[in-house]
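Q: Can you walk me through a structure? I'd like to look at a few residues and their contacts.

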Amino acid sequence: MNDKKDIFILAIETSCDETAAAVVKNGRIVLSNVVSSQIDLHKKYGGVVPEIASRKHVEKINPVIYEALVQAEMTLEDVDAVAVTYGPGLVGALLVGVAAAKAIAFATKKPLIGVHHIEGHIAANYIENHDFKPPFISLIVSGGHTHLVYVKDYGAYEILGKTRDDAAGEAYDKVARAIGIGYPGGPKIDELGLEGDPDSIEFPRAYLEEGSFDFSFSGLKSAVLNYLNRSKMMGESININNVAASFQQAVIEVLVTKTIACAKKMGVNKIALAGGVSANRGLRQLMKKECEKEGVFLQYPSISLCTDNAAMIGSAAYFEYIKGITHDLDLNAVANLKLKNKL
Ligand code: KG4
Ligand code: ZN
């Protein structure tokens with residue numbers, strides 16, 4: 001089954017609360033994509049508990065890898081390389097995936113490819129649309145990151161902006177906790193906001209200095225918390241649909257305005273969304289509307305490829321593999337692995 005012209009990558013992702021493994025062909029075709037989510041386990045604590053996440057990864061990693069191979073109708077012998085997210089993320093969680101990938105690479109003598117989690121999120125767009133190619137501007141919005149990146153070529157990019165404080169997803173999760181709707185907040189605020197009026201409460205938009213592509217969400221988060229506290233003290237009833245819709249509008253207006261401005265400045269007519277928050281309906285809608293207005297092509301992954309998965313890691317790894325970039329078996333997990341310009 002392994003036609004030598006084709007490259008099959010077994011990919012592993014355990015950076016946060018999803019134990020995931022996938023087999024990806026030629027960087028774009030997903031043969032299997034298994035995700036074992038721990039959300040229910042962490043829900044009662046209102047967020048991810050690192051120690052619980054690590055233990056659950058240890059329990060799930062082998063069955064998840066096995067399942068990914070079974071679904072792809074492959075054995076370890078059939079794959080060309082083993083890829084793994086080595087950062088950023090929870091160190092104890094990352095270590096489980098990295099150890100598993102190294103063990104497989106060592107035992108099978110296959111190359112090991114360590115992937116930056118954010119590069120994986122960007123690559124999800126290559127899976128979704130087989131004709132989608134760089135150059136493009138990518139807005140990466142997840143629980144831990146908010147970046148605007150100029151993707152010049154596969155695995156070659158320049159960071160044009162990032163958050164100076166909270167990530168967009170982090171703001172969603174914190175606001176969700178404050179209105180008492182639990183973890184993870186993003187999808188719930190998305191849902192609640194559908195029934196609310198986005199213009200009902202005026203929350204601040206942080207555009208920062210003229211021409212800046214950086215973001216800041218901590219002021220908005222504080223404004224929502226202050227609004228909730230003030231309303232409670234005054235004995236006023238709180239319409240959580242309106243709070244969710246108005247908060248979301250403040251987030252997405254800034255994300256969309258800056259992303260479009262960034263594409264214009266760089267003279268690029270393609271935009272790709274990436275990361276968990278790109279599952280947000282409001283963000284997709286407004287970005288689509290503005291891109292259509294500006295004649296910019298918009299690409300975003302389907303919901304299951306927006307949030308953490310291993311198929312995106314397999315895709316990013318493929319573009320490294322064909323350039324001959326692999327890692328030694330001393331690859332380590334790096335919790336705060338920075339996204340750096342790579343040109
Ligand atoms: O990419 P991801 O799965 O994990 C990280 O790499 O962080 O992103 C998770 C984040 C969480 O903050 C979650 O609340 C947010 O993505 N999220 C959403 C939606 N779905 C997930 N935020 C807004 N709207 C959504 N529909
Ligand atoms: Zn992620």
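Predicted model: local features only at pLDDT ≥ 70, side-chain atom pairs only at ≥ 80, totals over all residues.

Q: Where does Gln 38 lie?
A: Gln 38 is in the loop between strand E3 (29–37) and helix H1 (39–43).

Q: Is Gln 38 buried or exposed?
A: Gln 38 is buried, because its relative accessible area is 3% and buried means under 20%.

Q: What does the side chain of Gln 38 reach?
A: The side chain reaches the backbone oxygen of Ala 53, at 3.3 Å. Gln 38 also touches other residues, including Asp 17, Thr 19 and Lys 56.

Q: OK, salt bridges. How many does a search of the whole structure find?
A: The search finds 17.

Q: Which residue forms a salt bridge with Lys 56?
A: Glu 59 does, with the closest N and O atoms 3.0 Å apart. Both residues lie in helix H2 (residues 50–72), three residues apart. That is about one turn of the helix.

Q: And what does Arg 164 pair with?
A: Its side chain meets that of Glu 209 in a salt bridge, 2.9 Å from N to O. This pair links distant parts of the chain, 45 residues apart. Arg 164 is partly exposed at 45% relative accessibility, and Glu 209 is partly exposed at 44%.

Q: What about Arg 205?
A: Arg 205 meets Glu 253 in a salt bridge, at 3.0 Å from N to O. Arg 205 lies in the loop between H6 and H7 and Glu 253 in helix H8 (residues 240–266), so the pair ties together parts 48 residues apart in sequence.

Q: Which residues do shared partners join into one network?
A: Glu 119, Glu 320, Lys 323 and Lys 342 are joined by salt bridges that share partners.

Notes. Residues numbered from 1 in each chain as written. Chains lettered and ligands numbered in written order. Heavy atoms only, no water. Helix = DSSP H or I, 4+ residues; strand = E, 2+ residues; numbered from the N terminus. Buried < 20%, exposed > 50% of the residue type's maximum accessible area, 1.4 Å probe, protein only. Polar contact = N/O pair within 3.5 Å; in protein donor to acceptor, adjacent residues only side chain to side chain. Contact = heavy atoms within 4.5 Å. Salt bridge = Lys/Arg side-chain N within 4 Å of Asp/Glu carboxyl O. Lists of a residue's contacts leave out its neighbours within four places in sequence.
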